[in-house]
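Hi,

Here is the structure I said I would pass on. Have a look at it first, and my notes follow below.

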Amino acid sequence: MSSVASVHSLWTVAAGAPGKIPAPHIEYAQLSPTLIVLGAAVIGIVIEAFVPRRHRYYSQLLLALVALAAAFAAVIGLAAAGFGSAKAHIAAMGALAVDGPALFLQGTILLVSLVAVFTFAERRLDPAAHGNRVDSFAAQPAAVPGGAAEQAAVKAGFTTTEVFPIALFAVGGMLVFPAANDLLTLFIALEVFSLPLYILCALARRQRLLSQESAVKYFLLGAFSSAFLLFGVALLYGYAGTVTYAGIAEVISDGAKQIDPALAGTMGNDALLLIGAALVLMGLLFKVGAVPFHMWTPDVYQGAPTPVTGFMAAATKVAAFGALLRLLYVVLPGMRWDWQPVMWGVAIITMLGGAIVAITQTDIKRLLAYSSIAHAGFILAGVIATSEEGISSVLFYLGAYSFVTLGAFAVVTLVRDAGGEATQLSKWAGLGRRSPLVAAVFAVFLLAFAGIPLTSGFAGKFAVFKAAAQSGAGWLVVVGVLSSAIAAFFYIRVIVLMFFKEPKADGPTVAVPSPLTTTAIAIGVAVTLVLGLAPQYFLDLAGQAGVFVR
């Protein structure tokens with residue numbers, strides 16, 4: 001009772017003396033990209049509640065596109081005002097960084113999400129059901145697959161328009177994730193973008209059970225990774241007496257100068273630091289899809305609706321690598337000799353594992369999943385460089401890779417048979433003769449993945465391998481080049497299958513998409529070729545954005 005009374009008296013004293021409680025100082029203008037997206041997501045939920053069903057699709061689509069475009073304009077405005085360089089600082093009372101890498105990654109995430117919304121809104125690929133156009137998402141996700149409620153929803157022509165605000169919530173979390181400047185903000189951002197993705201993965205219109213299974217796997221493994229990350233945060237707090245990045249880095253470099261009496265027994269204990277840092281890194285490597293934390297990737301990529309797979313494969317990687325870079329370069333530079341050998345090992349097994357296992361795949365979505373694992377290894381080579389060139393090369397690679405991935409998955413949605421998307425590789429035989437344009441576009445994306453010159457993939461790989469070589473990681477570059485050669489084999493095998501094999505009589509058809517998906521694919525091709533043919537401007541842009549504020 002006495003403890004309750006003391007807490008109550010403290011509360012009343014604090015309430016009676018409002019001058020003693022400092023009001024939080026939030027720089028709303030500098031946080032505007034995130035606030036715009038999250039505000040639009042909340043408005044989207046209100047639209048779901050109050051707007052008649054027949055008007056929701058266009059309302060939600062317009063809201064999502066306007067919000068993402070406005071948020072991107074806000075990022076450009078902040079960069080133009082110098083917040084990416086001279087005015088870079090820590091905002092929101094130390095919770096978020098406004099600096100070059102944060103703005104570059106936020107801009108990339110917003111552009112990728114804008115293009116992904118086009119694929120979410122596509123309604124011409126499936127044949128009309130009961131006179132209504134349908135999209136990739138379940139008519140009534142809460143209904144039992146194949147049950148009477150689902151059949152009634154399909155017959156009534158329902159479409160799941162709540163995917164737009166759910167995606168906006170995910171984007172909001174992704175914007176905070178690479179800018180987070182303390183460990184609790186990092187964890188909250190992780191949950192804010194992970195939970196909507198778990199939901200989106202379960203919403204496929206076709207193959208409902210496979211989609212729900214993939215979402216459950218993603219949720220369970222994601223919960224484990226979140227738990228590891230949170231336990232690591234607790235240990236790092238016990239070590240440093242603070243969760244802010246600068247505070248932890250200061251204790252690592254100078255030792256515990258000002259010991260917090262409550263943490264006197266643990267502050268400065270290196271065992272807590274090493275185990276805590278390892279657990280936080282595990283949580284981030286899971287999101288990146290690095291071996292051995294990659295097991296969720298192929299199943300989730302295969303089971304999720306293909307527009308969601310493309311969005312997740314592109315945007316999540318950008319956000320997760322941004323957070324990983326900030327953690328290693330801002331919090332743990334004093335531990336470089338401890339984490340670098342471990343990251344070497346992770347990068348090598350990720351590059352080789354992704355490339356070798358991809359050769360055995362017979363499903364195009366699983367093949368692209370293992371390809372994304374191999375690419376995570378290539379990007380880790382740039383992370384390991386621990387130099388400004390390393391940061392800028394990773395930023396460039398993420399920008400280039402995300403648009404290639406989004407374009408490739410958009411093409412996968414077009415190749416269809418009676419059961420929906422035809423993702424079995426054997427069904428793609430002779431696609432180049434049936435639909436030369438679609439096959440040629442997909443070949444461009446595959447060549448970019450393989451890192452063939454004159455594509456964005458070559459410019460990105462060259463940048464990260466050059467940064468790694470300059471930092472003394474020559475052997476890592478050798479392994480990277482070997483992995484690229486292995487990976488090139490299965491990319492070129494798909495191109496040979498499309499152009500030099502006879503099409504089967506009962507093979508799939510290529511659906512004619514609406515301007516939405518056509519625009520998404522066209523943007524993917526344009527970015528792939530522009531970053532391949534004239535990458536210097538964008539490399540310079542990434543170079544200017546390559547300095548973290550501390």
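Let's start in a loop: proline 292 sits in the one between α10 (270-288) and α11 (296-303). The peptide bond that joins valine 291 to proline 292 is cis, with omega at about 5°. Do keep in mind as you read on that this is a predicted model.

Alanine 92 is in the loop between β1 (89-91) and β2 (96-98). Its phi is near 55°, a positive value in a residue other than glycine. Alanine 92 counts as buried, because its relative accessibility is 12% and the cut-off for buried is under 20%. Threonine 386 is the other one: it is not a glycine, yet phi is positive here too, at about 45°. You'll find threonine 386 in the loop between α14 and α15 (388-412).

Now for the helix packing. Two packed helices are described by the angle between their axes and the distance between the axes, and I have two pairs for you.

Helix α4 covers residues 100-120 and helix α6 residues 163-176; their axes come within 10 Å and cross at roughly 165°. That angle is over 145 degrees, so α4 is roughly antiparallel to α6. The crossing of these two helices, α4 and α6, is right-handed. Which residues meet there? From α4 they are Gln106, Ile109, Leu110, Ser113, Val117 and Phe120, and from α6 they are Val163, Phe164, Ala167, Val171, Met174 and Leu175. By type, the contact of α4 with α6 has 10 nonpolar residues, two polar and no charged.

One residue of that contact deserves a paragraph of its own. Glutamine 106 belongs to helix α4. Is glutamine 106 buried or exposed? With a relative accessible area of 8%, glutamine 106 falls under the 20% cut-off and is therefore buried. A polar atom of its side chain lies 2.9 Å from the backbone oxygen of leucine 175. Once you set aside the neighbours within four places in sequence, glutamine 106 is in contact with Thr34, Val75, Leu175 and Ala179.

For α14 and α18 the crossing is left-handed. On the α14 side, the contact is made by His375, Phe378, Ala381 and Gly382, and on the α18 side by Lys461, Val464, Phe465 and Ala468. These residues divide into five nonpolar, two polar and one charged.

Last, a residue in helix α5 (residues 148-156), namely alanine 149. It has a relative accessible area of 41%, so alanine 149 is partly exposed. Leaving out residues up to four places away in sequence, alanine 149 touches Gln140 and Ala143. If you want a distance to check in your viewer, the C-alpha atoms of alanine 149 and alanine 69 are separated by 37 Å, and the two residues are 80 apart along the chain.

That's everything from me for now.

Cheers

How values were computed
Residues numbered from 1 in each chain as written. Predicted model: local features only at pLDDT ≥ 70, side-chain atom pairs only at ≥ 80, totals over all residues. Heavy atoms only, no water. Left-handed = near helix turned anticlockwise from the far one by under 90°. Helix = DSSP H or I, 4+ residues; strand = E, 2+ residues; numbered from the N terminus. Contact = heavy atoms within 4.5 Å. Nonpolar A, V, L, I, M, F, W, Y, C, P; charged D, E, K, R; others polar. Axes fitted to C-alpha atoms, helices over the stretch in contact; angles between N-to-C directions. Parallel < 35°, antiparallel > 145°, perpendicular 65-115°, else oblique. Buried < 20%, exposed > 50% of the residue type's maximum accessible area, 1.4 Å probe, protein only. Polar contact = N/O pair within 3.5 Å; in protein donor to acceptor, adjacent residues only side chain to side chain.
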